[in-house]
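Thank you for making time this morning. I would like to walk you through one model, and I will go slowly for anyone who has not seen it before.

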Amino acid sequence: MHISRWVGSRGRRARAGVALGVAVAALASTPAATAAQEAEEGPRQDTLVFPVDPITVTATRTPREVFTTPTPVTVVERSQIREKVPNNAADLFRDLPGLDVNGVGVTQVRPSIRGQRGQRILLLADGLRLNNSRRQQDFGEIPALLDVGAIDRVEVVRGPSSVLYGTDAIGGVVNMITRTPVQDGVHGTLGYKYGSVEGQHRGMGRFFGRFGSLDIQGGFTARDAGYYAAPAGSFGEIQLTDDTPVHDTGVRDRSLDLRVGYQLSRRNAVWVKYEGYRADEAGFGYVDPATYDPGAAEIRIRYPDQDFWKTSVGYGITDVRSAVLDRIDLVGYFQNNKRTLTMDIATSFGPQAPPGAGMVMATENFTDLATTGFRLEAKKLAWQRVLFTYGVDYFRDRSENTDQAFTTIGGFGPPMEEESDLSRVPNAVYQSIGAFAQGEIEVSRRASIVLGARYQNVDAETRETANWDGTQTTKSDETMVGSANAIVEVARGLSLVGSVGRAFRAPNIIEWFFEGPTPEGSGYQVANPDLTAETSLNVDLGLRYRNTWLAAETFVFRNKIFDGIRISPTGEEVGGLPAFRNVNVDELLYRGVEVAATFFLPSGFSVGAGYTHLESQDVLEPNNPVGETFANKLTASLRYDAPNDRFWAAYEVRHNGDQKDVDLGTNPIGEILPAFTVHNLRGGVTLLETAAGMKHRVGVTVANLTNELYAEFSNASFFRPEPKRNLFVTYEVAF
């Protein structure tokens, strides 16, 4: 992208072939109307690269083609989202190089990037934070907070991005960008989805309207799904003789959103948006251990209810004609996230104890997290070759919670019961303010450089909390980070990409202040208010190539995390449980290779392939396994698109190699996580297209075609396998 052709308020032209249509979107919460958005979802063959290069704004905060973006980035567009029929945005990650998933079920799947997950991944909706500072480190917020039917595209920065986004972006960024009206009049979709294994029924509707200076959009979704069943088979040393329920993997959830925008003048625009989400009876998922590991404790973790709502307001000014800025955008938001978490653990005292002797522990936690935040961002084009982006962002989490615990011991006469309402985490305020600046420099028509830096301060303060026996504490952490990215077209259609950057993640409320039994019931976590921020140094080097029949890219990366936060045993016991504590580990090293290619064959056929290799190491203790994903993943696909765009079909296969760099303890799987191969079939047809432009589409997916018993990496040690062969059917009317 030539920066001198940046689309701004002064009417400069965009790069040929990319019609942005409006001024550069300074905030991803007000995405630019692009040709890709206006197109009616034509056929795509998407891996990491596309025959029609999509636009990304997340990586640099300026619209760029993926091919010309100087950092590893993945974009999944609306046509892919419709064809993949995901339950939430993270489900799209399973077949993409460098990406994986964590969690099971309809709503609890979360993203993993290059072996990083949970709070090391920053989750955004239209550029605004969804991360929850009250979550466990390895379980970030769920992407299901944003209705997947509202998403226009998902942009993923594979690697650190703290300069633009601050804390938590140490492993990568996932930005879910919603659709906005781009055509005059009223348009919309109505749809239905059915899933056979979990008995899923999902209905949705969405409308878009543009009337002169006024635009409006909204939508709703209602979904009911039960738990699914895993197929019979073997996974390592685990044997399931029959189809087996994976309990607590369903949900009843609803979502609603409404956005209104108004063009006050040629230079000024304002918008307001409301989003709401409610989920009931979701869960962590579990298999009755009697079916694969008799005598093991039964652990059930559920989310009986979760309520989330957000109101955001944005204001933008273009054509400022100032010496320091051409455009400025301000967005503010308030969101509230209430969640109940229950955990039930049933253990037997073994064959030496009286019959029926055992213990049941039941805990309940209610959390109310209110977040206020804003982002102020400005852009200035200088000397026709340098585009400055700079600004300040802020968020403040106010957390309140209550805890209850019940313990019952039976088998030794009358049951012995104990009750406690001791709070495990104090009420707290967690806030962050950061200032950032970035320059995109067009060195020549073939080369550009992006340089950036950020200062950020994070403060946490405990508040008065009923039934909490700790002392009030104030923590503060400040960090400076920077990055340098470059892209050079070394030959026609061939570009070299390089980046180096420092990122960080401040400890959250749980890591600093949690004191009590761990959610899995396997130990007791001791608070550590002396934790410091994780920092990292990441280096990427890659090649991108494209012509009329091939699009391909490959990246090698090296990410070293300093003072990485990991749970570590203290060697003591608390309440009969082994004690653990979060500590700063000096160095964790992650290295890997990502490869993706799509070949466009004659007569509407295309072939895609992807490969990921990842190595992880505790530098100071090389024998300590720290792997958090499979070491190797290979994917391939064969696709056909009918010339009249009425029909498409695809076959997909994914193979994950076994993983030895993992500590499974006494897990019945065995000493290594076994390899597995999954096959999927997909297809779709446009049944009817009227002269008025109304389309009726049907999509069919057969997932896990061969009925393979398998579990994704983080779901294997606490065994929660994936569903058996599953049929999804979708019907959509677009008008």
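What you see is a predicted model, in which local features need pLDDT of at least 70 and side-chain atom pairs count only at pLDDT 80 or more, while totals for chains, interfaces and linings use all residues. Residues are numbered from 1 along each chain as its sequence is written, and side-chain values use heavy atoms, with hydrogens and water left out.

Let me start with the salt bridges, where the term stands for a side-chain nitrogen of Lys or Arg within 4 Å of a carboxyl oxygen of Asp or Glu. By that rule, the count is 56 salt bridges. One of them is between Arg 114 and Asp 540, whose closest N and O atoms are 2.9 Å apart. This pair links distant parts of the chain, with Arg 114 in the loop between β5 (110-113) and β6 (116-117) and Asp 540 in strand β31 (residues 534-546), 426 residues apart. When I speak of strands, I mean DSSP runs of E with at least two residues, numbered from the N terminus. Arg 114 and Asp 540 are both buried, where buried means under 20% relative accessible area with a 1.4 Å probe, protein chains only.

A further salt bridge joins Glu 141 to Arg 135, with 2.8 Å between the closest N and O atoms, and both of these residues are buried. Asp 253 and Arg 223 also meet through their side chains in a salt bridge, at 2.6 Å from N to O. Because Asp 253 lies in strand β18 (residues 251-263) and Arg 223 in strand β13 (residues 214-225), the pair ties together parts that are 30 residues apart in sequence. Asp 253 is buried, at a relative accessible area of 3%, and Arg 223 counts as buried at 5%. Salt bridges that share partners also join a set of residues into one network, including Lys 84, Asp 91, Arg 94 and Glu 722.

Now to the proline: where does Pro 304 sit? Pro 304 is found in strand β20 (residues 298-317), and at 16% relative accessibility Pro 304 counts as buried. Leaving aside residues up to four places away in sequence, Pro 304 touches several others, among them Ala 279, Glu 281 and Leu 341, where contact means heavy atoms within 4.5 Å.

That leaves the strands, which count as paired if DSSP finds at least two bridges between them. In general, strands of a sheet pair through backbone hydrogen bonds, either parallel or antiparallel. Here, an open sheet of three strands has the order β4-β5-β6, with antiparallel pairing, and its edge strands, β4 (99-102) and β6, each pair on one side only. Four bridges join β4 to β5, and the bridge partner of Val 101 in β5 is Pro 111.

Elsewhere, strand β22 (residues 358-382) and strand β23 (residues 386-410) pair in the antiparallel sense over 25 bridges. The two form a hairpin with three residues between them, and Trp 383 in the turn has a positive phi of about 55°. Strand β23 also pairs with strand β25 (residues 428-444), antiparallel over 14 bridges, and five bridges join β23 to strand β24 (residues 416-420).

Notes:
Buried < 20%, exposed > 50% of the residue type's maximum accessible area, 1.4 Å probe, protein only.
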